[in-house]
Amino acid sequence: MSIVYWLLPISLVFVAIFTIAFVKAVLSGQFDDLDTPATRALLDDSFQNENKEKMKWQP
Amino acid sequence: MKSALHFSVQLQAVSVRCLHCGQFVIGHGDFCCQGCAAVYSFIHDHGLNHYYDLRKCEITPQSPADVLPNNNFYAYCDDPNFISAYSSDGLSMKFYIEGIQCLSCLWLLEKLPEYCADAVFARVDAGSSTLLVKRSVDGSFSAVANTLARLGYTPRPLSLTDNGESFRMNEDRKHLVRLGIAAVSASNIMFLAIANYAGAADEFHYLFSWLSAALALPTLTYCAFPIYSRVGKDLKQKKISLDTPIALALIMGFALSVFQLTRGKETYFDSLTTLVFLLLVSRYILKKAQNRNLGLTSRANLAFNATVELINPSALESKFISSLSLKVGDVFMAQGNDTLAVDGIIRSGHIDVDRSILTGESEIARLSPGEIIEAGFKVLNGSAEILVTATGASTRLSQTLAQAELVFNKNNSLTDLTDKVGVWFTYITLAVAFTLLGIFIIQGDSFEGLQRALTLIIVSCPCVFGMAIPLASSLAMKNASQNGALFRDSSAIDMLYKASSVFFDKTGTLTKGTMQVIRTIPEVIQPRLLAATYALEKQSTHPVGVALRNHICQLSPLLPEWNFVAKDIPGGGRQLRNDKDLFEIKPMFQDACLIERNRVQGHYGLYVNGELSVTFELEDQVQTDIATVVSKLSQLGLNSGIISGDMKEPTLSCARIAEIPEKNVYYRALPIDKMKILESNHPAIMVGDGANDAAALNAASVGIAVRGAMNVSLKSASIYLVNSNLKLIPWLIELSKNTRNTVLITLSFSTLFNIAAATTAILGHMNPLIAALLMPLSSFTVLCITIFRNQQMSTP
């Protein structure tokens, strides 16, 4: 059962990584607008490429 | 977004669709109006034709304004005061765009930097119908707004504070972070708890319990913080809220668990974190459902931004500033097409104003020096110097609106009732819990007492009482907005089903509102009479007047201008006196109306000195399927009626087509009469034009606006029909009934559930973990019932 002492810290590290990743994603605004990106994906690629540079700008 | 695009259009035998907006063209040409032609050529000239390929919708609901704004119109966007109130960094500004429809708008708007040198970045948020624009360092916001206007959109800048958008977004993000952290700790603690319940050896039991405590700490402090702070605020005001028992349970449970932890016994971290997690989930769903509608309320409150010419006596030269920057004591120039944003007194000059937003009278008033103007007036003609007497929240319009809001908040009786019931429930629960604890302490088993009290408090938390109504009404509002009916607030949902009658305005509501001259007798009219007719109807906003004016413009575009002022004849019609003759345009009563299929025809005569000289025959089509709408309404138990300012005959013939009983038809009603009729038929629904029937819409228990600009309409009416589709009205009433039943079902369910669960807890047949799972379960059941019943609602 001493394996538990190995598994617990490892799992806690995983928990920490995923939690931090989630919090970062939320705070960077990934979940703010759930409608437009879905529609934007339907536009042809040329549009996407042209605007890629400009899209990087964040408010 | 998608469903707002679907239109049902009655196909006409011979029809040409406008190349830009897709509406049927009346008369000749490729475009329905000047505005569409201008927008089409703009799009064409900039090589943006792909817009028309992308477009899925047959018709763009917003055809551009007939008159494109002049270059100065958006100059207010460059006023430094305005920029500081509307832009966080001076470079980016958010616009609310009326009429973002589908992919094509997204494409066109996000391409903005390619054809507008002043913009370097544009991003659409379709959910809130907003466009974020970043200007180039030497660019101007007014140029951006002008370009948007030339594309046929109506750009409305969103202020930083007004709509609280950024604040809400921040709150949403924080809520989501709390939710995520609570999920992490609840799920991990649950696994550790499984091991413990399964009988982990002492050494591990001890380790797992401590680990659970460590994992629970962020949830019980950071994630549950909003609950504590709300309860704290309420306690300061000596109030008890629905959250009080939850906060109590969390604190009590935590203390009890720590005590147990030190003794190496069973802890409650699993129940407590699960409780917090599930609470956050149900609140997040509720919040998301409500946020969509919060946006709408702020849309209705969009300010009347305008550019005004400031001509303070102290200043040497005039300058153009935003109407927002006006201060009491300033003097500015009001000109045609402005909507005034301040109260004031006219110092010199004359202006013709449309006061319908405040008075509901569509009649145009000519104001002279010394007279008072108010925010919301629309200047049609002339120019005048105006001394500002009140701005912002102290204008009469703002005060009226604030009062209306107070009334609305009071109106929602069901919410009041559930709030009270919820608070009583809380008191009873707390009293029972403490009695239970007391009894067990006396018996000497204080641990059992604490556990039962904790279980009871958790399981009988009345959160559902606070949730059922907002959830049901926001889902119903969302459903309605997808079908083209926008609600200003949820009170209308609560009022619709109570109404006993529906009154329609005639012109523009039951009829299509576009009168056309189809014949004149004699066929060729003398230029003098044409000029007289034009002068008579020059300032008219009545559909008949507009039709006559348009007809004459088509016949001979170059007419001598007459400077004689026409005025309304008290019984209907208009008159004008030049040097020698008296000209009158009046409806001809003797043969006033003929019904021919779905058409209302009217005959109007031009009388010179009382002698009939020209007969104009006009027609206006009655909306199709009105009779079906009326019969559906009567199936639902509602009487239909017409209140019109029009003459007897056209109104009655319209009633016959619509199959509305004659006793419910009121004709030649002045705005004040309309209000009286509505009051005597209380509770009644009024369906009408957002601007011209403002007073009547406001007087009715529910006002439904079918035409007019959305933000103006939503000030007087509580519902705005995007597509003027009257068939939605019976459906909206069914929706309201359905919503009310949903609320009744969910409330009775949760009451029974709470009583049953509380009894079990008092008798000691439940442990806190089960309680923590059961309590949110009742919220989820309510959520499921509400969503299910809302989806069951058939589409109109």
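B:Lys111 is a buried residue, at 8% relative accessibility; buried here means under 20% relative accessible area, exposed over 50%, and partly exposed in between (1.4 Å probe, protein chains only). Its partner in a salt bridge is B:Glu114, which is partly exposed at 43%.

Before going on, a word on the model. It is predicted, so local features need pLDDT of at least 70 and side-chain atom pairs count only at pLDDT 80 or more, while totals for chains, interfaces and linings use all residues. Residues are numbered from 1 along each chain as its sequence is written, chains are lettered from A and ligands numbered from 1 in the order in which they are written, and side-chain values use heavy atoms, leaving out hydrogens and water.

**Salt bridges**

Side chains of opposite charge can pair when their charged atoms come close. A salt bridge is a side-chain nitrogen of Lys or Arg within 4 Å of a carboxyl oxygen of Asp or Glu. The structure holds 8 salt bridges over all chains, including these:

| Pair | N to O distance |
|---|---|
| B:Lys111 and B:Glu114 | 3.2 Å |
| B:Glu385 and B:Arg347 | 3.5 Å |
| B:Glu448 and B:Arg452 | 2.8 Å |

B:Glu448 and B:Arg452 lie 4 residues apart in helix H15 (residues 446-459) of chain B, so about one helical turn separates them. Helices (H or I, at least four residues) and strands (E, at least two) are DSSP runs, numbered from the N terminus. B:Glu448 is partly exposed at 23% relative accessibility, whereas B:Arg452 is buried at 18%. Salt bridges with shared partners also join B:Arg230, B:Asp243 and B:Arg283 into one network.

In helix H23 (residues 671-680) of chain B, the residues B:Lys674, B:Ile677 and B:Leu678 are buried. Viewed down the axis of H23(B), the buried residues fall within an arc of 95 degrees, so they line one face of the helix; the arc is that of the directions from the helix axis to the C-beta atoms. B:Ile672, B:Lys676, B:Glu679 and B:Ser680 are exposed on the other side of H23(B).

**Where the chains meet**

Now for the two chains together: 29 residues of chain A are in contact (heavy atoms within 4.5 Å) with 37 residues of chain B. Across the interface of chain A and chain B the rule finds 0 salt bridges. Helix H1 (3-27), helix H2 (36-40) and helix H3 (45-55) of chain A each supply at least two residues of the side that touches chain B. H1(A) gives the largest share of that side, 10 residues.
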